[in-house]
Amino acid sequence: MKSSSTSPLTNDSIQEVSKIFKMISDPTRLSILFLLQKEELSVGVIAQSLSMEQSAISHQLKTLKTSRLVKSKRAGKNMIYSIDDLHIFSILEQVSTHIEEQEKEK
């Protein structure tokens, strides 16, 4: 039996999409993204906003940076973080709309 793929994406593309969803599935990383959507922030400000240790935030920022969802720049002794890919918020908006629709159906 011949298998035919119905997905318009290649296996590599599917893997990349999966990686993005893994990135935004973590509540801390998601919270960081929403904070950075409003403005550029330092690790210290993000840690204070989320009531977490700076080391934990730094770890999550490194993960987000590796995935090219955030970027950083040096400002004196501090690193300032910002969103690198605004497309992520289109995805999050769609998910939010989906959740709102499900809530209305309950």
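**Figure 1. Pairing of strands β1 and β3 in the predicted model.** Ser 42 has Ile 80 of β3 as its bridge partner in this predicted model. Strand β3 comprises residues 78-83, and two bridges join it to β1 in the antiparallel sense. Helix α2, formed by residues 27-38, packs on the sheet and touches β1, β2 and β3. The direction of α2 makes about 90° with that of β3.

**Figure 2. Strand order in the open sheet.** The sheet is built from three strands in the order β1-β3-β2, with antiparallel pairing. The edge positions belong to β1 (41-42) and β2 (70-75). Each of these edge strands has a single partner, so one side of each is left without a neighbour in the sheet.

**Figure 3. The hairpin of β2 and β3.** Six bridges connect β2 and β3, which run in the antiparallel sense. Within this pair, Ser 72 stands opposite Tyr 81 in β3. Two residues lie between the strands of the hairpin, and Gly 76 adopts a positive phi near 70°.

**Figure 4. Packing of helices α3 and α4.** Helix α3 spans residues 43-50 and helix α4 spans residues 54-66; their axes come within 9 Å and cross at roughly 110°. The two helices are therefore roughly perpendicular to each other. Their crossing is right-handed. From α3, the contact draws on Val 43, Gly 44, Ile 46, Ala 47 and Leu 50, while α4 supplies Gln 54, Ile 57, Ser 58 and Leu 61. Six of the residues in this contact of α3 with α4 are nonpolar and three are polar, with no charged residue.

**Figure 5. Packing of helices α2 and α3.** The axes of α2 and α3 are 11 Å apart, and the helices pack at an angle of about 115°. The crossing of α2 with α3 is right-handed. Thr 28, Ser 31, Ile 32, Leu 35 and Leu 36 of α2 meet Ile 46, Ser 49 and Leu 50 of α3. The contact of α2 with α3 contains five nonpolar and three polar residues, and no charged ones. Ile 46 and Leu 50 of α3 take part in this contact and also in the contact with α4.

**Figure 6. Packing of helices α2 and α5.** Helix α5, residues 87-105, packs against α2 at an angle of about 115°, with the two axes 12 Å apart. The crossing of α2 and α5 is left-handed. On the α2 side, the contact is made by Leu 30, Leu 33, Phe 34 and Gln 37; on the α5 side, by Ile 88, Phe 89 and Leu 92. Classified by residue type, the contact of α2 with α5 has six nonpolar residues, one polar residue and no charged residue.

**Figure 7. A salt bridge in helix α1.** The structure holds two salt bridges. One of them is formed by Glu 16 with Lys 19, whose closest N and O atoms are 3.3 Å apart. Helix α1 comprises residues 11-24, and Glu 16 and Lys 19 lie three residues apart within α1, a separation of about one helical turn. Side chains of opposite charge can pair when their charged atoms come close.

Technical notes
Residues numbered from 1 in each chain as written. Predicted model: local features only at pLDDT ≥ 70, side-chain atom pairs only at ≥ 80, totals over all residues. Heavy atoms only, no water. Axes fitted to C-alpha atoms, helices over the stretch in contact; angles between N-to-C directions. Helix = DSSP H or I, 4+ residues; strand = E, 2+ residues; numbered from the N terminus. Parallel < 35°, antiparallel > 145°, perpendicular 65-115°, else oblique. Left-handed = near helix turned anticlockwise from the far one by under 90°. Contact = heavy atoms within 4.5 Å. Nonpolar A, V, L, I, M, F, W, Y, C, P; charged D, E, K, R; others polar. Pairing = 2+ DSSP bridges. Salt bridge = Lys/Arg side-chain N within 4 Å of Asp/Glu carboxyl O.
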